[in-house]
Amino acid sequence: MERNFKIWRGDSRQGEFKNYSVQLEQGMVVLDAIHRVQVEHANDLAVRWNCKAGKCGSCSMEINGKPKLACMTRLSDYADDELISIQPMKTFPIIKDLVTDVSWNYEQNKKILPFKLRKAANNGKPRMYQQDVERIQEFRKCIECYLCQDVCHVLRDQGQKEKFVGPRFMIRLASLEMHPLDVEDRIPQIKAEFGSGMCNITRCCTEVCPEHIQITDNGIIPLKERVVDRFYDPVMWIYNKLFGDS
Amino acid sequence: MSASVIQTIEHDVLVVGAGGAGIRAAIECAQSGLNTGMISKSLLGKAHTVMAEGGIAASLGNVDSRDNWKIHFRDTMRGGKFLNQWRMAEHHAKQAPARVQELEEWGAVFDRTGEGLISQRNFGGHRYPRLAHVGDRTGLEIIRTLQDFCVHQGIATHMECTGLDLVLDGNKISGLVGYWRETGRFILFKTKAIILATGGGGKAWKVTSNSWEYTGDGLGMAYRAGAELIDMEFTQFHPTGMVSPPSVRGILVTEGVRGDGGILLNSEGERFMFNYIPEKFANETADTEAEAQRWLDGDREARRPPELLTRDVVARAIKAEVEAGRGSPNGGAFLDIASRRPADFIKKKLPSMYHQFKELAVIDITKEPMEVGPTLHYFMGGIRVDSDSQQTNIPGLFACGECAGGMHGANRLGGNSLSDLLVFGKLAGGGANQYVNNLTNTINCNDVDVSRILTNATDILNRDEGKNPYLVHEELQDIMQNNVGIVRTAEELQIGLEKLDNLKADIENVYAHASPQYNPGWNEALDLKNLIITAEAVTRAAILREESRGAHTRIDFEGEREEGLSYNIIIKKTDSSMTAEKISREDPPQELVDIAHASLKELEGEQIGA
C-alpha cells in the first residue's frame, strides 16, 4: 500500500508543501516515511533525528498541526485515506525544510544558575532519599524535544521570547529548586529574568509532552507559588485580589 | 576552493564528539586552563549516550558491600576473555566510583537505596549489583548532567559541526577541517591537540541500535592520518534488540529487563539459557530454575540466573534457538518480565521500555512477553591508545570512549561503557593537557592539505550524476549484515571483503543533489568515506583472528585457542591499502594477573594485591 504525504520544503526566505508518495511497511512511523522520501525522492530533505526511539528529542515537528516526535508517531494512528501533512515547529526560525534553529533554547539554559552542592556532613557521601527525589526525577525525564516550547502561547503566538523562558526551562528550574542537595537561590531569577508570571496555565505544554511530565501542575505552578511567597505579602495580595490593585 | 578563505577558529585542544566521553574530556581540558573547543554532529545532548539505559558500572558497594574495584576488574577481564589492555581495565575499575560520585556532586539524581545512597542493579557479567541507574534512562541523566555542567566551564561548543579530516604538521596534530551542517560552509580548527570521542560505527550494519551519527568518523579520520586501530574484529551484538514490527528492528531493549528478573523463552516455552552455560562460568551460574528464583528473591548464596551471562553468550544462544526452529514468530526469542514482576514494579524500574513497546509495537510488557533478537550495538575495538595518556601513535591525537579500543577486550560488559566514557574522557583530557603544556614549537596547518580536504568534500556536489548515497549505504549494510555477522566463516568474510572493495568505487562516485546547506544526502555521502574504512577494518581483522573469542565467533574455528591470547590485531594504512597484522601482547603486571585469577572469596576479603 502507498500513502501520500505533504512535506514542507523551503528555507528561511520561502517554502511550500510538496507531495510525496511512500510504500508502507508494517509498524511504520512518520520518521520512517521521511527517510523513504529521502532515499527515493529528495536526498537533500533536511530533518533532525538520532535515536528513533523517543529518547533523544531530535525529531520534533508538527504532524497534521500537532507538535509531535516523528519517531513515535505511527502511521496507523491515521485513517487510511487521511493525507498526512508534516511541517517544522512554528515557534523557531526555519533553517531548512523540517529543521529549525533551536539555539535560543540553549541560550536560556546557559542563563540558569548552575547546581550548587550542599556539602555532606563529615565529607561523607551525599544522602538523598527516594521519596525526596521522585518529584525532580519526573522533571529530569525531559528529553529536550522543545515541543512544549513550540506549543507555548507566550512563545508561539505572542512571540515574547525575551520575557518568558518557556515550559522546558521552568521545569529545569524546578528540578534545581527542588533538588535536596542544591543550595542556590534562583527565585529572584525565576520572577524577573525568566518571567514565571507570563504563564497563564493553559496546560498545552503538558498535553504535548512525549514524556508525560506534568509540566504545569508539578513544575510551573509550584514555582509560581514560591515566587509569590517570596515577593508578595500574602495579606496585601489577598486584598488586591478582592478589591483590585490600588 | 582555497584554504585561505575559509573560516578559522583557534583552540589549544579540540574535542570531536559531545557524548559522555567528549564532554567529560572537554571539562577536564577546560578545568586545566586550556582554551577548549568541542564539536558535535548533532545538537548538544543528543549523542548516543542519551540512549544508554541500564546503568553505569562502579564498585560503590552501596547495595552489596562485598564489592570492590578488584572484583569489578576481574569481572571485566573475564567478560573481555582476558584480551583487554590490563592497565586500561585497572584504571577503569579503580576510577569508576569517583566518576559516578562526581556526577552526583554535579547534580545527577540516581535512584536511591533505603539508606539514601546511590542504588545499584544487577547486570550481565557483574558479580554484584553494581550499576548505578535512573530507572532505564541512565544515559539521559548522565549526558544532561554533563551538559548542564559543561556550559558553565568556558568550553566553546560548536553544534552541528562535522569533522572531515585531521591536519598534521610533520607528524604532529595541527588542526581539523570540518563543516557546519546548517550552512555547508567549511571551518578550519587550528589546534595543538585533538581528542577524538566520536563513538563507533554501528551504522555499517542493517540491524543496529545505533543512530545515523555512528559512521566511524573518528576511526576513519585517525586511520587516514596514520593512527592504528586495534581489536576491530570484536563488534558487540546486544542480545536484545526489538525485532518487530520491521521498522523498529534493532532498537535496544535494556539488559536491565534481565537484571531485574526477566527471562528468555523459546517458542516451546523453554527457558533455554540453562542449555548455554559456558564451562568457565558454570561455577557462578545457577543451573536450576529453583536456584535462579532464589537469587531473584534475594538469597545471597544463590548463583546468578543464566540470562545474566555475558552478551556474546546470550546473543549466540538466541541465534542458535532461532536456527533450530524454536524462534519467536518474527525470528527472535521471548523476553518475559510480565510473569516475573508486578506491573507497578515494571513501570517503575523500566518506564521507557514500557513506553517504547506500548507506542512502537503495541505490546504491554506488564502483560505479555517482548520479542527480542541480537542487534549490532557496540565496538570493543577502536583507535589504539596509550593506556595511561590515551594518546595515539600521532603526537597530539588522543581518543576516548567507544572510538578508542583496548579497554573491553573481546567483549564488553553492560554498564562498563558509561563508566568507560567518564574514566577515559577525564584521562584523555589530562593527557592532552600534559601534551599541550610540553609543546614548545608553534605548529602550522598546511594550505595544500586543507585544500585537498575541501576538494574531496565538494566534488560530491559538483558532479552531474553518480550513485545515490543512501542506496550505497544500504548495500554496505547488507554486506556487513550477511557476511560479517554474529557468526563468521573465512569464506563469507572473504566474499564480504571483495564486495566492500567493489563498493569503494561507488563511494568515490556518489552524488548529492542541490546545495550543501543542511543537506543530509551530502552529509551521508561524506560519512560513507569513514564507514567503508570501518567496515573493511572489521572484516580484515575478523579474517585474521582464527578462533572464537568473546564477540568474535568463527564457526570454522570453534572455541578459544591458547595462542589467541598472545596477540592483538592492528589495522593501519600502508601506502594506499589497509593492512591487518598481529602484534604480541606484553606480559601483564603480576599483581593484576593475581587479581584476575583469584577466587571471589579472596577478593571479597581483599587478600589479593591489597
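In this predicted model, 46 residues of chain A are in contact with 49 residues of chain B, two residues being in contact if their C-beta atoms, placed from the backbone, lie within 7 Å. The elements giving two or more residues to chain A's side are α1 (30-40), β6 (94-96), α2 (103-111) and α3 (130-139) of chain A; helices (H or I, at least four residues) and strands (E, at least two) are DSSP runs, numbered from the N terminus. The largest share, 4 residues, comes from α3(A).

Residues are numbered from 1 along each chain as its sequence is written, and chains are lettered from A and ligands numbered from 1 in the order in which they are written. Local features need pLDDT of at least 70, side-chain atom pairs count only at pLDDT 80 or more, and totals for chains, interfaces and linings use all residues.

Within chain A, an automatic or database domain assignment gives domain 1 (2-100) and domain 2 (103-243). Their centres, taken over C-alpha atoms, are separated by 31 Å. To the contact between them, domain 1 of chain A gives 12 residues and domain 2 of chain A gives 13 residues.

Chain B holds an open sheet of 4 strands in the order β15-β10-β17-β18, with antiparallel pairing; strands pair if DSSP finds at least two bridges between them. Because β15 (382-383) and β18 (577-584) of chain B each have a single partner strand, they stand at the edges, and one side of each is left without a neighbour in the sheet. Strand β10 (residues 229-230) of chain B is joined to β15(B) by 2 bridges, and I230(B) stands opposite G382(B) in β15(B).
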